[in-house]
Amino acid sequence: MKTRITELFSIQHPIIQGGMHYVSFAELAAAVSNAGGLGIITALTQKTPADLAKEIARCREMTDKPFGVNLTFLPTVTAPDYPGYIGAIIDGGVKIVETAGRNPQEHLPGLKDAGIKVIHKCTSVRHALKAESIGCDAVSVDGFECGGHPGEDDIPNMILLPRAAEELKIPFVASGGMANGRSLAASLALGADGINMGTRFIATKEAPVHENVKKAVVAATELDTRLVMRPLRNTERVMRNAAVDRLLEKEASLGHDIKFEDIIEEVAGVYPKIMMEGDMDAGAWSCGMVAGLIHDIPTCRELVDRIMSEAEGIIRNRLASML
Ligand SMILES: Cc1cc2nc3c(=O)[nH]c(=O)nc-3n(C[C@H](O)[C@H](O)[C@H](O)COP(=O)(O)O)c2cc1C
């Protein structure tokens, strides 16, 4: 299958693995890239730019295929050392960066000068158009279904993707709620050039997270996620658990007076406990509604091959036979 995304990134299949905090280490990124998709390492999971440089080198030892690095621009007061991380990306010879969060404009010249292609992840058509206007090469359009931060507009992909197709000139991938060949065929029909998946890639053999996390994703249904931090305008879709119930009770009782400090116990620094130690109630962790479509723990290659053959079957047989 050839799309504007496979051409842009020189990859075999139009399937991207989105950056995931404490999940997207070199093992996963390399496995996805070796399967013909685009694997992505998450920069901020690495404590320093030097650690990111090592992670990039580790990934390169495991694959000779293209892979990318995710740079998430957080709404924090004390910013991480973004110039340092960007330096590690450039020195490491990485040619694809997935940006997310705030507008990446100030960092684009440095990335573009180094010949790096930038795909910006955003949750609205206006932000996608902004990304196009500042020179991003592609966008990842993240619908309301997505695991992580869906923004505040609450537009699901059935509307968001064809709206993006109406407005954008640069290629885009559909993100949020993607799991199988149906997702890919539907996304292509809605105007996208491929798919980006987060939650689905957690439940793979190579994802370097605790088995409890993979089992929790497989066990969950589409009813098991919740939106937290909405009153702080930092909405996050997470897997429901004891900590999330506690957090939502605090949101209900404190109302608009709630501050980040009130929920720090449920959200700050919880990822290592969940992803590495498998303590599934340690706090709120991102997970998409798509958990309801995830029923097994394949290798990345099995997953990618299955998605491609399912999508091809749908396009060639099911859809063509209706004409
Ligand atoms: C556990 C987890 C952690 C994530 N961490 C990040 C992150 O650090 N930066 C980022 O840009 N996106 C992050 N995301 C979002 C994913 O990259 C992707 O956009 C999203 O998962 C797509 O929705 P899906 O889960 O329905 O596939 C995370 C998602 C999950 C599930």
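The shell around the ligand draws on both domains: domain 1 (4-209 + 297-322) and domain 2 (211-289) each give at least three residues. The model is a predicted one. Of the 29 residues around the ligand, G18, A100, G147, G198 and G288 come nearest. Strand 3 (67-73), strand 8 (195-197) and helix 9 (199-202) are the elements that give two or more residues to this shell. By class, the shell holds 16 polar, 9 nonpolar and 4 charged residues.

Domain 1 puts 21 residues into the contact, and domain 2 puts in 16. On the domain 1 side, the touching residues divide into 10 nonpolar, 9 polar and 2 charged.

Next, the overall build. The protein has 14 helices and 10 strands. Its C-alpha atoms fill a box of roughly 55 × 45 × 40 Å along the principal axes. Take the contacts with a separation of 6 or more: residues 24 or more positions apart account for 63% of them.

Start with helix 6, residues 125-134. Its buried residues are V125, A128 and A131. Seen down the helix axis, these residues fall within an arc of 120°, so they line one face of helix 6. The face turned away from that buried side carries the exposed residues R126 and S133. What covers the buried residues? The cover of helix 6 includes strand 5 (117-122), strand 6 (138-142), helix 7 (157-167) and strand 7 (172-175). Just after helix 6 comes G135, with a positive phi of about 105°.

Helix 10, residues 211-219, is the second case. V213, A216 and V217 are its buried residues. They cover an arc of only 100° around the axis, which puts them on the same side of helix 10. E211 and A219 are exposed on the other side. The buried residues of helix 10 pack against helix 9, strand 10 (236-239) and helix 13 (271-276). Helix 9 also belongs to the elements that give two or more residues to the ligand shell.

Now to single positions in loops. G148 sits in the loop between strand 6 and helix 7. Is G148 buried or exposed? It counts as buried because it has 25 C-beta neighbours inside 10 Å, and the cut-off for burial is 20 or more. Leaving out residues up to four places away in sequence, G148 touches G198, E236, R237 and S286. G198 is one of the residues that come nearest to the ligand. G148 and C287 are 139 residues apart along the chain, yet their C-alpha atoms are separated by 6.3 Å.

D154 lies in the loop between strand 6 and helix 7 as well. This residue is not a glycine, but its phi is positive, about 60°. D154 is partly exposed, with 13 other C-beta atoms within 10 Å.

S10 is another non-glycine residue with a positive phi, near 50°. Its place is the loop between helix 1 (4-9) and strand 1 (15-17). S10 counts as exposed because it has 12 C-beta neighbours inside 10 Å, and 12 or fewer is the cut-off for exposure.

Strand 3 is among the elements that give two or more residues to the ligand shell. K65 is partly exposed, with 19 other C-beta atoms within 10 Å; burial would take 20 or more. Leaving aside neighbours within four places in sequence, K65 is in contact with S33 and N34. K65 and F260 are 195 residues apart in sequence, and 41 Å lie between their C-alpha atoms.

Note on methods: Residues are numbered from 1 along each chain as its sequence is written. This is a predicted model: local features need pLDDT of at least 70, side-chain atom pairs count only at pLDDT 80 or more; totals for chains, interfaces and linings use all residues. A residue is near a molecule or strand if its C-beta atom, placed from the backbone, lies within 6 Å of it. Helices (H or I, at least four residues) and strands (E, at least two) are DSSP runs, numbered from the N terminus. Ala, Val, Leu, Ile, Met, Phe, Trp, Tyr, Cys and Pro count as nonpolar, Asp, Glu, Lys and Arg as charged, and the others, Gly among them, as polar. Domain bounds come from an automatic or database domain assignment. Two residues are in contact if their C-beta atoms, placed from the backbone, lie within 7 Å. The arc is that of the directions from the helix axis to the C-beta atoms.
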